[in-house]
Amino acid sequence: MVVVLSCFNVADYFIWLVNETGSFISNLKLQKLVYYAQAWHLALNDTPLFQEDFQAWVHGPVIPALYQKYKLFG
């Protein structure tokens, strides 16, 4: 069985993780963690973890839809 994830599933995992540890995560940090998760999955498995594409923004890689969802949180 193949599980199809979206970038939102991966982001939700990181948000859950920081809530469990009592940490803080900014939108910028969330974008970078999702980017690294995708990069590691591609490197180790030669397949993408999710299908959404990143854009090169000034402060690093961004998935615009993910940015829009969490931009209110800084």
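Predicted model: local features only at pLDDT ≥ 70, side-chain atom pairs only at ≥ 80, totals over all residues.
Q: At what angle do helix 1 and helix 2 pack?
A: Helix 1, residues 7-21, and helix 2, residues 27-45, pack at about 115°. Their axes are 10 Å apart.

Q: And is the crossing left-handed or right-handed?
A: The crossing of these two helices is right-handed.

Q: Which residues make the contact?
A: Helix 1 contributes Cys7, Val10, Ala11, Phe14 and Ile15, while helix 2 contributes Leu30, Leu33, Val34 and Ala37.

Q: How does that contact divide by class?
A: The contact of helix 1 with helix 2 has 9 nonpolar residues, with no polar and no charged ones.

Q: Turning to pockets, what volume does the largest one have?
A: The largest pocket has a volume of about 200 Å³.

Q: What lines it, and which residues lie nearest its centre?
A: There are 12 lining residues, and Asn27, Leu28, Trp57, Val62 and Tyr67 lie nearest the centre of the largest pocket. Helix 2 and strand 2 (60-62) are the elements that each give two or more residues to this lining.

Q: How many of those lining residues are charged?
A: The lining of the largest pocket has 1 charged residue, alongside 5 nonpolar and 6 polar.

Q: What about the second largest pocket: how much space lies in it?
A: The second largest pocket holds about 170 Å³ of space.

Q: Which helix gives the most to its lining?
A: Helix 1 does, with 3 residues. The residues that line the second largest pocket include Ile15, Val18, Asn19, Tyr70 and Phe73.

Q: And the classes there, how many of each?
A: The lining of the second largest pocket has 7 nonpolar, 4 polar and no charged residues.

Notes: Residues numbered from 1 in each chain as written. Heavy atoms only, no water. Axes fitted to C-alpha atoms, helices over the stretch in contact; angles between N-to-C directions. Helix = DSSP H or I, 4+ residues; strand = E, 2+ residues; numbered from the N terminus. Left-handed = near helix turned anticlockwise from the far one by under 90°. Contact = heavy atoms within 4.5 Å. Nonpolar A, V, L, I, M, F, W, Y, C, P; charged D, E, K, R; others polar. 1 Å grid on protein atoms, 1.4 Å probe; cavity = no way out; pocket = protein on both sides within 12 Å on 5 of 7 lines; lining within 4 Å. Points joined across faces, edges and corners; volume = space filled by probe spheres on them.
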